[in-house]
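Q: I have a structure open and would like to go through parts of it. Could we begin with the helix packing and then turn to the chain contact and some single residues?
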2 protein chains.
Amino acid sequence: MTRYKAVIEYDGTPYVGFQVQKNGPSVQESLQHGLYKMSKGQKINVHGSGRTDSGVHAHGQVVHFDYPVAMKTDNLLRAWNAVTADSIRIRSVSEVEETFHARYHAQGKHYRYWVDLAKFPSPFQTNYVLHHPYPCDYERMNQALQAVVGEHNFKSFCSTKTDKTNFVRRIDKAQVTLDEHTGLLVFDFIGNGFLYNMVRILVGTSLQIGDGLRPTDEMIRLIAAQDRNEAGPTAPGHGLYLEEVYYPNRKTRDKQYAQWLAYRQQQEKS
Amino acid sequence: MTRYKAVIEYDGTPYVGFQVQKNGPSVQESLQHGLYKMSKGQKINVHGSGRTDSGVHAHGQVVHFDYPVAMKTDNLLRAWNAVTADSIRIRSVSEVEETFHARYHAQGKHYRYWVDLAKFPSPFQTNYVLHHPYPCDYERMNQALQAVVGEHNFKSFCSTKTDKTNFVRRIDKAQVTLDEHTGLLVFDFIGNGFLYNMVRILVGTSLQIGDGLRPTDEMIRLIAAQDRNEAGPTAPGHGLYLEEVYYPNRKTRDKQYAQWLAYRQQQEKS
């Protein structure tokens, strides 16, 4: 048994989301089915760094799984891509220690959200960019977004369907720029963790600020309010991309594991 | 009755091609159906600058049509986009003289063809870029392509299914570059006219040159051969985009029309 980490890219359009669900095809299911075929019928669980919703895309989702035999990563990469749907690409595979965990070890994520302000939307981007044909002021949005940088309680920006009780997260970067190449607006969010629908509610609220429907200092008020009803709408999933998941390096992970082991041993002694 | 010219963008994936056909949905049919709805049930023909094949895309297809009443172009644009499929966008509409013809007046076209040399294809580009995972030498292709620039007989690069008998066309630009932004190869062809499948056969042959399967001076031999069987395969339609159609300006068109009228009158006299 060998544990592998893989970086996955997918077009979320045909899926109910990353995670296996009863109501339709998921990315996780397709990845697991590929491994099932490769290993001649062994059920192998694929663990993601977190869920992505229906229609949400990824350029850098990270997963881990245990493969029954040690396999060269190049061969694993080629074989897995060959048996997995065209809408999913495994970008890279690497061997990791048997205690590595895609979700527990994740220390940060980068999300992107694309918005098209053109009067008429591009026929090529129906499922890949939010069409928002209004004279939205992105510098105003960018100014407003600076208030969310730092450690705050983001309860106002979390779906009420969550099972979380701690709403404190740290955002290291929140910005919106005009992409020169495409003429589209692109939101970038980097943080140590994101609540359910958090990026989409931040974008939905920002667009209302950009449209002049809310004041520029609105984010400060919303952080204090801690009430989902006070924030703006949840922007659609199809504009959102999980770009990258950040992990501590191997040395730090080993150190963290040693600390945890020592802590557990001390607990057992006492 | 007022004649309008329109620039159209479309994702060719769901269509059998630009032109109305019995075996499936076409871009022309969708555009005509939109005008039918707008004009409360009048059948209005939409004339394209030329056909595009199944799966072929366009950023700048040009059409003309006669609308029963004069309508402000802004209103026409908004209404037509509202009743036309998401995979088609009307980019602009302008009023033209009643003798303007999208096909007869076209004096040149610009086609693009996108190729991805990556080992594993992007899940977002299955229908939009040709995946060609080989160590293809684009500088070699570019060198080879310079032989097709100029006026030549392109019979070797024309599908045998054509009804044309004159195979002489002029190519003003033929190049392939590495797009820095996407890392993809992009072929550009500008010429006064293109035969059936001509761009796709030029690309299919170029890729064989890039792969080292044919010599660099192959295009010279193929132009002389005038035999479709000597050239390479027809590259798939989904990598191809009609970027722009060129027209003479209004003054030149009026002059051309006056010359034609004078010619006809002289013919009638004699």
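A: Before the first helix pair, a definition is needed: axes are lines fitted to C-alpha atoms, for helices over the stretch in contact, and angles run from 0 to 180 degrees between N-to-C directions. Please also note that this is a predicted model.

Q: Understood. At what angle do helix H3 and helix H4 of chain B pack, and how far apart are their axes?
A: Helix H3 (residues 138-145) and helix H4 (residues 198-210) of chain B pack at an angle of about 130°, and their axes are 8 Å apart. H3(B) and H4(B) are therefore oblique to each other. The crossing in which H3(B) passes H4(B) is right-handed.

Q: Which residues make that contact?
A: H3(B) contributes B:Arg140, B:Met141, B:Ala144 and B:Leu145, while H4(B) contributes B:Ser206, B:Leu207, B:Ile209 and B:Gly210.

Q: Changing topic, how much area do chain B and chain A bury between them?
A: Chain B and chain A bury about 1800 Å² between them, with 68% of it on carbon and sulfur atoms. The contact takes 24 residues from chain B and 24 residues from chain A.

Q: Which residues of chain B lose the most area to chain A?
A: B:Phe120, B:Pro123 and B:Phe124 do, and together they account for 41% of what the chain B side buries.

Q: Now some single residues. Where is A:Glu97 found, and is A:Glu97 buried or exposed?
A: A:Glu97 is found in the loop between strand S4 (88-95) and strand S5 (108-116) of chain A. A:Glu97 counts as buried because its relative accessibility is 8%, and buried means under 20%.

Q: What does A:Glu97 contact beyond its sequence neighbours?
A: Leaving aside neighbours within four places in sequence, A:Glu97 is in contact with A:Arg3, A:Arg250 and A:Arg253. As for A:His110, which is 13 residues from A:Glu97 along the chain, the two C-alpha atoms are separated by 24 Å.

Q: Where is A:Arg250 found?
A: A:Arg250 is found in helix H6 (residues 250-269) of chain A. With a relative accessible area of 44%, A:Arg250 is partly exposed. The C-alpha atoms of A:Arg250 and A:Met71 are 20 Å apart, and 179 residues separate the two along the chain.

Q: What does A:Gln32 touch?
A: Not counting residues up to four places away in sequence, A:Gln32 touches A:Val20, A:Lys43, A:Ile44, A:Asn45 and A:Val46. A:Gln32 lies in helix H1 (residues 27-38) of chain A and counts as buried at 14% relative accessibility.

Key: Residues numbered from 1 in each chain as written. Chains lettered and ligands numbered in written order. Predicted model: local features only at pLDDT ≥ 70, side-chain atom pairs only at ≥ 80, totals over all residues. Heavy atoms only, no water. Helix = DSSP H or I, 4+ residues; strand = E, 2+ residues; numbered from the N terminus. Buried < 20%, exposed > 50% of the residue type's maximum accessible area, 1.4 Å probe, protein only. Contact = heavy atoms within 4.5 Å. Parallel < 35°, antiparallel > 145°, perpendicular 65-115°, else oblique. Left-handed = near helix turned anticlockwise from the far one by under 90°. Buried area = accessible area lost by both parts, 1.4 Å probe.
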